[in-house]
Amino acid sequence: MSHQESGLVHTEIYNQPVADASLIACLHCDLPQRLSEIALGASARCPRCNKELWRRREDSLNRTLALTLAAPVLYVIANSVPILGLTIVGRDASTTVIGGAQHLWNNGQQLVGVLVLFSAVVAPALQIGLMLAIVLGAMRERAPRWVGAVLRHHPITRIWSMIEVMMVGVLVALVKIVDYATVIPGIALFVLWVLVFILARMQAGFDSREVWEKIQWADEAQRDAAGDSLAEGTS
Amino acid sequence: MSAAAMTAMQQGLQSCEGCGLLSRPAAGELEGRCPRCDEELVFRKNQSFQRTWAYLIAATICYVPANVLPVLTTTTAAGAESDTILQGVVLLWSPTGWPLSIIVLIASIMIPSAKIVALAYLLISSKRGSVANNEQRVRLYRMVEFIGRWSMVDVFVDTFTAALIQLQPLMSVEPGPGLIFFAAVVVFTMLAVESFDPRLIWDSANPTETGPREVTYA
């Protein structure tokens, strides 16, 4: 059982990379295979389990940068104006996304409130902000190590960022409320739909493999030993 | 099988979940760090079976109160009325609302239960060393992974319904005690999916001959 025990200990020893940098193993079935160069826009799939291993993106960094610059503008608008409002017998009410989470918090549902705040507000902000950091860092000739640390954890923000799920939820809430009151769709409702589209494009156009190949290795000696062609381009 | 190993583990190679680099532990070591991104490498996700089972059991326990307790309480002049998730689906059913009613039915009731059953099946079949339907099983895993977050729909429906309908004394809606359990089902099943290592599906088809001896998953 020393394997499991050692998993809890922070080891400081680095692995040795395989000599051939195009060798990889599928993360869904562990099939060792050679990843050949593919055309722009084309994708490579695992021959055994059909997992997409790599999709090469055209002009990935610039396009992702453009989208990560547009996204914060929409994000700020979406979170500062109401998403949904209603009017009934002369009374008005409206709520923002954060207001929805706040209402849960104030009504004895603190945990659910935190979950809503996290998945609809915090995680999307991290998804956008960290992607911006990754792209800016990766635009240098050799991406510094922190870019790798951020990139490694970025998928978590993508899993928990649930704006598109929220949008369906808001739609259902809207239909429910229509039975009692006149619903006033908020500006945030429209802005968030655009943001959903932009975030989807941002993720789809981003080529993480391209960034990994530019990144400064944690174990710099190994990289030189591996004779990586990129190492020659460094200052 | 040893002529062309069918898994990287059989060759003693570890692939990095962070950056995808394939590397070999230093001589005498069973695991190490990724030389590129510094991630701690393992052949298979740490204690994948136990952790996935733990989250799955937690989700199953929460599933009962999530469906029995009300998620919304509506107070009007006529009195208070509480609705469970299923009652919410029924209420939504109308000549115009039925497509959304079906969406909520699928997202809130069918997906969470299907996820629990699918993950239990993946865990049991992998543990028992099944070699059948590997492609279908890994596809099932991907489907569960992709679809899981959509169960959150109902949490958002209730959030915005409760936040908006605050028209005391005419009518007000408050979140019910079932909501936290429902949210817990969604979160626990998502964590279960993240803990499961789909490579375990393939390990029994490729018994470790040359790989590290101590890789056991109790």
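Q: Okay, is L61(A) buried, exposed or partly exposed, and why?
A: Keep in mind that this is a predicted model. L61(A) is partly exposed, because 19 other C-beta atoms lie within 10 Å, and it takes 20 or more to count as buried.

Q: Which helix does L61(A) lie in?
A: That's α2 of chain A, residues 60-80.

Q: And what does L61(A) touch, leaving out residues up to four places away in sequence?
A: V135(A), A138(A) and M139(A). There's also F206(A), 145 residues away from L61(A) in sequence, with a C-alpha to C-alpha separation of 6.9 Å in space.

Q: Switching to α5(A): where's the kink?
A: At H153(A), shortly before the proline P155(A). The bend is about 35 degrees, and the helix covers residues 145-160.

Q: Which residues of α5(A) are buried?
A: V147(A), G148(A), L151(A), R152(A) and W160(A).

Q: What do those buried residues pack against?
A: Two helices of chain A, α4 (110-138) and α8 (208-214).

Q: Over to chain B. At what angle do the axes of α3(B) and α4(B) cross?
A: Roughly 145 degrees, and the axes come within 10 Å. Here α3(B) is residues 98-127 and α4(B) is 134-147. α3(B) passes α4(B) in a left-handed crossing.

Q: What's in that contact between α3(B) and α4(B)?
A: On the α3(B) side, I111(B), K115(B), A118(B), L119(B), L122(B) and S125(B). On the α4(B) side, R137(B), L140(B), Y141(B), V144(B) and I147(B). That contact of α3(B) with α4(B) divides into eight nonpolar, one polar and two charged residues.

Q: Last one: what does the domain assignment give for chain B?
A: Domain 1 is 1-44 + 207-218, and domain 2 is 47-198.

Q: How far apart are the C-alpha centres of those two domains of chain B?
A: 36 Å, for domain 1 and domain 2 of chain B.

Key: Residues numbered from 1 in each chain as written. Chains lettered and ligands numbered in written order. Predicted model: local features only at pLDDT ≥ 70, side-chain atom pairs only at ≥ 80, totals over all residues. Bend = angle between axes of the 7 residues up to and from the residue. Helix = DSSP H or I, 4+ residues; strand = E, 2+ residues; numbered from the N terminus. Buried ≥ 20, exposed ≤ 12 C-beta atoms within 10 Å, placed from the backbone. Contact = placed C-beta atoms within 7 Å. Domains from an automatic or database assignment. Axes fitted to C-alpha atoms, helices over the stretch in contact; angles between N-to-C directions. Left-handed = near helix turned anticlockwise from the far one by under 90°. Nonpolar A, V, L, I, M, F, W, Y, C, P; charged D, E, K, R; others polar.
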